Amino acid sequence: MTAAEVDLDRISPLAWRLLRVAAGFSQRDVEREVDELMQAHLSMLENGSRGLSRARREVLFELYASELTTAQYRAIVEHF
């Protein structure tokens, strides 16, 4: 399952947070890994007050998925 195979619009704010934490990233870690993405953007995505562009969500999903098994990220996306 890649970002192209996942409906990124259906990933809940809680699932975004769980993906990040399960992948072993703090918000600051992600900020360092992804150009032009600030901790505030992640906070807003994870609390549901603001979405990110599809391109940024794809980058985030691929980053998180690279640190997780398919079963791990599939369980988070499907159940949360």
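At what angle do H1 and H4 pack, and how far apart are their axes? I started my notebook with that, knowing that this is a predicted model.

**Entry 1: H1 against H4**

I looked up the pair and found an angle of about 40°, with the axes 9 Å apart. H1 brings Trp16, Leu19 and Arg20. H4 brings Arg57, Leu60, Phe61 and Tyr64. I sorted this contact by class and got five nonpolar, no polar and two charged residues.

**Entry 2: the buried face of H1**

Which residues of H1 are buried? I noted Ala15, Trp16, Leu19 and Arg20. Seen down the helix axis, these fall within an arc of 135°, so they line one face of H1. I then checked what the buried residues of H1 pack against, and wrote down H2, H3, H4 and H5. After H1 comes Gly24, and its phi is positive, near 85°.

**Entry 3: the nonpolar core**

I turned to the largest nonpolar core, which has 23 residues. Ile11, Trp16, Leu19, Val30, Leu60, Phe61 and Tyr64 touch the most other members. Two or more residues come from each of helix H1 (13-22), H3, helix H4 (54-65) and helix H5 (70-79). Which element gives the largest share? I found that H4 does, with five residues. As a general rule, nonpolar side chains in soluble globular proteins tend to be buried together.

Leaving aside neighbours within four places in sequence, Leu60 is in contact with Trp16, Val30, Val34, Leu37, Leu42, Leu45 and Leu52.

**Entry 4: H3 and His41**

Which residues of H3 are buried? I recorded His41, Leu42, Leu45 and Glu46. They cover an arc of only 125° around the axis, which puts them on the same side of H3. H1, H2 and H4 are among the elements that cover them.

Is His41 buried or exposed? I read a relative accessible area of 14%, so His41 is buried, the cut-off being under 20%. His41 sits in helix H3, residues 39-47. Not counting residues up to four places away in sequence, His41 touches Glu36, Arg50, Leu52 and Arg56. Gly48 follows H3 and has a positive phi, near 80°.

**Entry 5: Glu36 in the loop**

I went back to Glu36, one of the residues that His41 touches. Glu36 is found in the loop between H2 and H3. What is phi here? I noted a positive value, near 60°, in a residue other than glycine. In general, most residues other than glycine have a negative phi. With a relative accessible area of 68%, Glu36 is exposed, because the cut-off is over 50%.

**Entry 6: Glu33 and Leu63**

My last stop was Glu33, in helix H2, residues 27-33. Which residues does Glu33 contact, leaving aside neighbours within four places in sequence? I found Phe25 and Leu63. Glu33 and Leu63 are 30 residues apart along the chain. Their C-alpha atoms are separated by 8.6 Å.

Key
Residues numbered from 1 in each chain as written. Predicted model: local features only at pLDDT ≥ 70, side-chain atom pairs only at ≥ 80, totals over all residues. Heavy atoms only, no water. Helix = DSSP H or I, 4+ residues; strand = E, 2+ residues; numbered from the N terminus. Buried < 20%, exposed > 50% of the residue type's maximum accessible area, 1.4 Å probe, protein only. Contact = heavy atoms within 4.5 Å. Core = buried A, V, L, I, M, F, W, Y, C linked by side-chain atoms within 4.5 Å. Axes fitted to C-alpha atoms, helices over the stretch in contact; angles between N-to-C directions. Nonpolar A, V, L, I, M, F, W, Y, C, P; charged D, E, K, R; others polar. Arc of directions from axis to C-beta.
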